[in-house]
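Have the model open as you read.

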Amino acid sequence: MKEQSRRAFVKSSVGAGLGLGLSGSAPKELFVHHVYFYLKNPGSEADKAKLIEGLNKLAKVPTIKLVHIGTPAPTTRSVIERSYAVSWLCFFDNLMDEEIYQTHPIHLKFVEDYSALWEKVIVYDSVGPKR
């Protein structure tokens with residue numbers, strides 16, 4: 001058996017570890033679900049706070065891998081849409097996990113308890129390679 005330097009061993013171990021992260025069990029695609037909420041009472045900070053409270057509960061759905069709850073940033077470029085009140089961005093490993101989320105009791109309860117707050121929602125779903 002050929003003797004290996006510590007540096008060569010570490011280098012090959014790191015390479016092997018990175019390879020594991022890209023193989024078999026790691027998802028090749030990511031499912032992204034982005035929702036923009038437009039409140040019935042757009043000037044109501046209480047309604048916005050209540051919606052955010054509900055979204056924090058919704059974040060407990062187990063198939064969600066990462067979630068972000070946001071409000072319009074103070075940017076002013078002409079291409080930026082700022083008329084929504086709250087955005088909900090979440091990531092799933094695949095379409096099946098997102099479909100589980102859609103029918104999960106926590107999601108159904110969120111819609112039941114908080115839908116009276118919004119006038120409309122716009123949803124952007126996308127899939128693409130995980131990077």
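## Ground rules

This is a predicted model, so to speak of local features we need pLDDT of at least 70, and side-chain atom pairs count only at pLDDT 80 or more, while totals for chains, interfaces and linings use all residues. Residues are numbered from 1 along each chain as its sequence is written, and side-chain values use heavy atoms, with hydrogens and water left out.

## The overall layout

The protein chain has four helices and four strands; these are DSSP runs numbered from the N terminus, with helices being H or I of at least four residues and strands E of at least two. Read from the N terminus, the order is α-β-α-β-β-α-α-β.

Of the 131 residues in the protein chain, 31% are buried. Here buried means under 20% relative accessible area, exposed means over 50%, and partly exposed is in between (1.4 Å probe, protein chains only). The accessible surface of the chain is about 9100 Å², and 58% of that belongs to carbon and sulfur atoms; the areas come from the Shrake-Rupley method with a 1.4 Å probe, and for residues only the protein chains shown count as cover. As for contacts (heavy atoms within 4.5 Å), take those between residues at least 6 apart in sequence: 76% of them join residues at least 24 apart.

## Salt bridges

How many salt bridges are there? The count is three, where a salt bridge is a side-chain nitrogen of Lys or Arg within 4 Å of a carboxyl oxygen of Asp or Glu. Glu45 is exposed at 54% relative accessibility, whereas Lys48 is buried at 18%. An α-helix has 3.6 residues a turn, so residues three or four places apart point the same way.

The remaining bridge joins Lys65 and Asp93, at 3.8 Å from N to O. This pair links distant parts of the chain, 28 residues apart: Lys65 is in the loop between H2 and strand S2 (66-70), and Asp93 is in the loop between strand S3 (86-92) and helix H3 (95-103). Lys65 is partly exposed at 47%, and so is Asp93 at 23%.

## The two sides of H4

Which residues of H4 are buried? They are His107, Phe110 and Tyr114. Seen down the axis of H4, the buried residues fall within an arc of 60 degrees, so they line one face of the helix; the arc is taken from the directions from the helix axis to the C-beta atoms. Turned away from that buried side is a face with the exposed residues Pro105 and Glu112.

The cover over the buried residues of H4 includes strand S1 (29-39), H2, H3 and strand S4 (118-129). For a look across to H2, pick Glu53, which lies in that helix and is partly exposed at 40% relative accessibility. Glu53 and Phe110 are 57 residues apart in sequence, and their C-alpha atoms are 10.0 Å apart in space.
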